[in-house]
There are 2 protein chains.
Amino acid sequence: MKYWIHALPIVDTLRGYRRIDFAHDSVAGLVLGVVTVPQAVAYAFLAGLPAQAGLYACLAPMVIYSVLGSSRQLIVGPVAIAALMVAATVGEHAPAHSDAYLGITTILCLQVGILLWLLRLLGMGGIVNLLSHPVITGFVNAAAILIIISQLPAFTGIAIGRGDNAADRLTQLFSSIGNLDPVAVAIGVTSLAGVWLIRRYAGLAMGDRDHPISRTGPMFVAIAGTATVAILGLGVDTVGFVPAGLPAFALPPFDPLLWLDLAPAAAMIALVTYIESFSIGTTLASRERSRIDASQELVALGAANVGAAFTGAYPVAGSFSKSSVNVAAGARTPVSALVCVVVIAATLLWMTPLFANLPHATLAAIIIVAIVGIIDFSMLREQWRFCRADVFVHFLALGGVLMLGVEAGLLLAVGTAIVQLVHRSSRPHIAVVGRLGDSGHFRNVTRYDTETFPNVAAVRLDENLYFANANQVEDRLLAIMDRHEEARHLVLVCSAINFIDTTGLEMLRRLNHTLASRDIALHLSEVKGRLRDRLGSTGLPGELSGNLYVTTDEAVRELAASPAPEVEDNR
Amino acid sequence: MKYWIHALPIVDTLRGYRRIDFAHDSVAGLVLGVVTVPQAVAYAFLAGLPAQAGLYACLAPMVIYSVLGSSRQLIVGPVAIAALMVAATVGEHAPAHSDAYLGITTILCLQVGILLWLLRLLGMGGIVNLLSHPVITGFVNAAAILIIISQLPAFTGIAIGRGDNAADRLTQLFSSIGNLDPVAVAIGVTSLAGVWLIRRYAGLAMGDRDHPISRTGPMFVAIAGTATVAILGLGVDTVGFVPAGLPAFALPPFDPLLWLDLAPAAAMIALVTYIESFSIGTTLASRERSRIDASQELVALGAANVGAAFTGAYPVAGSFSKSSVNVAAGARTPVSALVCVVVIAATLLWMTPLFANLPHATLAAIIIVAIVGIIDFSMLREQWRFCRADVFVHFLALGGVLMLGVEAGLLLAVGTAIVQLVHRSSRPHIAVVGRLGDSGHFRNVTRYDTETFPNVAAVRLDENLYFANANQVEDRLLAIMDRHEEARHLVLVCSAINFIDTTGLEMLRRLNHTLASRDIALHLSEVKGRLRDRLGSTGLPGELSGNLYVTTDEAVRELAASPAPEVEDNR
């Protein structure tokens, strides 16, 4: 019984569910539905799919996540960044596979789901940590720019080709500026203004800036746009025919070559959607002082995507905008998402004819307003002072994604972050330390007024000792001993060393040998427990010309008083 | 003037050069010549080149290195591993470029030289550190196995095709075992026994196991093999015609596509030859308590390879066998290498007809004896106890090089080592610490008998705080606070933290916020000087609900005595 509650968090929610909870959840669910319908249609076009695919992505996936998800308020459904990644993948692969657009997206969904489950099974959810903060912010900024550019043709009524990258598309757009459709621009600008005004002032009018009504702009402008086009009979691009009815259950096509081709893109989409969902979930949970379960999220998000695969939808993720509306509208439990699903289903069953006259320019405006808000460069100023390498990685991710595409750009940025990591630890900080007063504490002699002893050099290595830095450390320790001509003892303070690999071990042996030939004894102090155990398994402690000391103070007290040693390399 | 001495170490050597030095150097040079001639011819065939290419590799490169090299005893010339890598590269690229074997090798030489110079100019010699001890030993073992397998056809007289990898060639060999040429085998086995017996007993007979005469076996068996074939008129494969005379100066062909194709192989050869040369040079220098200059070695080895490129040779490196003979024969300065060059030149001018009857089976035996000695698995036992990940990398390099080839195998092993590094630091060691007696020192509570206080949890993070581990650390710190229900203060002991990136900084902010919401204050202690300066450039110290303490003892003394805090997230 306990196990089932853990595996199905909704069970725990529904025990103790009260009538008043349902009242709150239904209001939130209705608001959520109103916000979701136009967004879902807009993101479907962003992904290069028909309108209904976006609505389908709000049915099975939303139900599945509300049953399995560990967050009480996270809403899973169509999101802009996943849509962008789907569009890029479909654009790349569809021509080689007889333009099987929808087949490709459902395979992507299934692969994303399976990959998330695999991460859970293999306990490898930690792999998402490779996407560091600067990589993610750079990627999100780039994705936002790409999305806005992708909406400009619909917004202006200028038809352009796909183009190789963002710059290419912008060039095409500017060179065809003469084809600007004034009607599309008028609808687009009006819609933009409408959404923005409602977001900015509707809440204030209700006495609460964050009132859920401030998020309903997209629905109002969608209705207004549709009505205008229908009544005036304007000749602009509209959504057109949307088939009525719920999606049929269908298996994604099984084509091994296509599966193989899509796997890298699916892996990238899986990582990005998981990170997006998990970080939104964490933010929501911390507001109500709860936490979410990373493993359960992998299971739930994986299942939601598998559900999307079988119902003709496209990859889904946790949505920040929908989740915020859900919270602001007073949702108490995932039941609000189920109410929203009813709204979407009703739309699909009875209201699809209304989409016929919904202009693309309005959808473009809805997307642009949603996306402008996620562009954020404000962290860069602090990063510039704190860690310039991260600013570099941010712009590498940004530029890489804009110029080379999502996958290549992300891989480039992650690879660079790893190379930086190796490079950084290959140039470790090494400090000659001295005693701070009578304290028994040892600190960097260049930073503190410390006491040192001519025949003992105590040196602290502030880094793990391993292949990338072993040679450097050896050189620098020998150079330090060259400067301390009188010193007959080198005490290597190991307080910051957590790990030594075999390259580091060989280096210590060689160093011990070299120092012995100069009549200098090598001692280690403050070796951490785990490392001491591991070193003990090798012959090193016995081979050392000097000793292992628990504290640097003990080492220096003993050695400073001792006569020059008879140094023997005990190898 | 000073600068020239530094740039041309030979100038320093020749000032103060005495007649007695020249006596020693000439003897060593003559012995070196005797050892080098058969080896050079054998390695040329190993590289898939004509015999004279091996001898040419002992002229210009050897002269250039003796003038520029910072090691007094290192001998640069043809080596087995570079020959193997050249053979692999030529085999891969020659078919696509109209079989321009020698053109390809001279381009490789030039590229290797230029790359080594580039490493020097960019100060990037440290890149060789990426090839860790286990990667190098795994690679050397694999290369030795490949080289032995490559000699089996000549040794047995069985002709086989190139084959895809080592296993494939062995299969071919065994399936054609019926074609075994008894004469070739007889010559091969006799040569093998001859070289081995001389290596084993000739030195002992002279009263010194390491007497240089023990290295002259190859010359004796080469002469004996040649004489036997000539006198008995045996029908085995022999070296055949070798053109007499010194190499002509020639430019490597300039074919941009070919240059591009060869660049990755050249980069790998450059790294491997540099590491080989540098580690041999370091070993020799440490014996006479001197050191060699890494930058000057890049310059000298680069120049030696450029010299090889213009004289029809193939990539050269520091040779362990030749350098040992040189030292054992009493060489005092690089002048011995110049004497050796005279011997090689004399051979090329007047003795090439003698090679006509030198059997390939004898050359194969010479290579096999030289190579068996470098196979070494003895370090694996200790590595298994000390660092299993390194044993894995060793076998990955070994298996990768055997199965996928030199470049792919090395890249796979280096990549894996880096992933291990990231993975390792993504699961950092975190210890709850307590005070050790009255010492003011804090140690892991599970390892030492320590004093702790119920309202303060002091936790030491034994790793840098950055993107790969920030989420993990946050989770584990919160889990620790869950276990210490009474604790109102978390003191994060930063003694082992050398670096925090922006992902880590964001995590500290989030942690501070989360803990504040539970009425727990977050304090930092023992923050290193450089890190404290960097943190100071951000708002973090002011945002913390707690304080920064110099020592953990100070923090715990103050906090243990204080009442429960009014915790405010000062953000």
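Buried means under 20% relative accessible area, exposed means over 50%, and partly exposed is in between (1.4 Å probe, protein chains only). With that in mind, select Tyr466(A) and Phe467(A): both are buried. What you have open is a predicted model, where local features need pLDDT of at least 70, side-chain atom pairs count only at pLDDT 80 or more, and totals for chains, interfaces and linings use all residues. Residues are numbered from 1 along each chain as its sequence is written, chains are lettered from A in the order in which they are written, and side-chain values use heavy atoms, with hydrogens and water left out.

Stay on that pair. The ring centres of Tyr466(A) and Phe467(A) are 5.3 Å apart and their planes are at 85°, so they count as edge-to-face (centres within 6.5 Å; planes over 60 degrees apart are edge-to-face, under 30 stacked, the rest tilted).

Next, select Arg200(A) and Tyr201(A). The charged end of Arg200(A) sits over the ring of Tyr201(A), 5.5 Å from its centre; the rule wants NZ of Lys or CZ of Arg within 6 Å of the ring centre and within 35 degrees of the ring normal. For a pair spanning two chains, pick Arg534(B), whose charged end sits over the ring of Phe386(A), 4.4 Å from its centre.

Now show both chains. Here 62 residues of chain A are in contact with 62 residues of chain B (heavy atoms within 4.5 Å).

Key:
Rings of Phe, Tyr and Trp (its six-membered ring) pair if their centres lie within 6.5 Å; planes under 30 degrees apart count as stacked, over 60 as edge-to-face and the rest as tilted.
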